[in-house]
Amino acid sequence: MIFTKMNQTLVATALLVTSMMLGAPTAEGLLQEKQGNLRRQLDADPSPNSSPSRVELLTAGKFAILSKTGVSTVGTTSVTGVMGTSPIAATALTGFGLIADSSNTFSTSSLVSGSIYAADYAPPTPNMLTVAVLDMQAAYVDAAGRKDPDHTELGSAGSIEGLTLEPGLYKWSTDVGFTSSLTFNGKGDDTAIWILQIDGDVKVGSGAEVILRNGAKAENIFWQIAGSTEIGTYSRVEGIFMCNTKIMFKTGSSMNGAALAQTAVTMEATTIVKKSVCDATVGCIEG
């Protein structure tokens, strides 16, 4: 009996040694192999950058400033691009020293590089503005309706001061603001998109700035704001600001992008440079 057990033990030991010499997998070897396979899979298939699709402005992309209840300015303002208001008349465009074109389809101003349009100008201007305002509203609804945000309630009680935002969909149920800086990092992709869904107001502190890095572009940053927007004195912002109410630019403030307001836009010695996309496929013509 003892001899039989010893033989069984010797046989088992011999089989174990043989399997190790031939490379048969042991429990430890199988675990190491699985871990190695998982590591190789993660290295070979990294998670892609998530970036939402663009918010299409359509013909609203023609404008540096587009509003429904007027645009006003005091001081030495400079607007590079086209400006328009509808359904209100040209009397709601104040501080620009408007000079009517002989066709009465648009006006010009020493403060605005492009044409200026109002709802009471001669055809085809009223219809063009009606379509542009509808496109502005549709873009706002599109941005507000995007589902499954990548980030919610980022920052502290709506303060996004000093944060760096990578491409994606962001949502806040509060007011949002920053006092010094906010950075958008494109991660090397100049087509990357940001959509910021904000249920309250936006307030940019005096002297604050938006910084674009690694391919981020103003034309690809969409601010959807349910409340009002205040751009503080001598601050600089970047992006397409789609505001459900008014946009207020304080003294010396500036924007690269577009101000699309469903009420009014007010400026105090403000600089605005249009960076929005004008979609030629739907009849949008720059200028």
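The structure is a predicted model, in which local features need pLDDT of at least 70, side-chain atom pairs count only at pLDDT 80 or more, and totals for chains, interfaces and linings use all residues. Residues are numbered from 1 along each chain as its sequence is written, and side-chain values use heavy atoms, with hydrogens and water left out.

**Exercise 1.** Determine whether Val79 is buried or exposed, and which residues it touches.

*Solution.* Val79 lies in strand 3 (residues 78-80); strands are DSSP runs of E, at least two residues, and helices runs of H or I, at least four, numbered from the N terminus. Its relative accessible area is 1%, so Val79 is buried (under 20%; exposed is over 50%, partly exposed in between, with a 1.4 Å probe and protein chains only). Not counting residues up to four places away in sequence, Val79 touches Ala64, Ile65, Leu111, Val112, Ser113, Met267 and Ile272 (heavy atoms within 4.5 Å). The C-alpha atoms of Val79 and Ser113 are 6.3 Å apart, although 34 residues separate the two in sequence.

**Exercise 2.** Locate Ser107 and state its relative accessibility.

*Solution.* Ser107 belongs to strand 7 (residues 107-109). With 2% relative accessibility, Ser107 is buried. Beyond its neighbours within four places in sequence, the contacts of Ser107 include Leu98, Asp101 and Tyr121.

**Exercise 3.** Identify the buried residues of helix 3 and explain how they are arranged around the axis.

*Solution.* In helix 3, the buried residues are Thr125, Leu129, Ala132, Val133, Asp135, Met136, Ala139, Tyr140 and Ala143. They lie on the same side of helix 3 because they cover an arc of only 160 degrees around the axis (taken from the directions from the helix axis to the C-beta atoms). On the other side of helix 3, Asn127 and Val141 are exposed.
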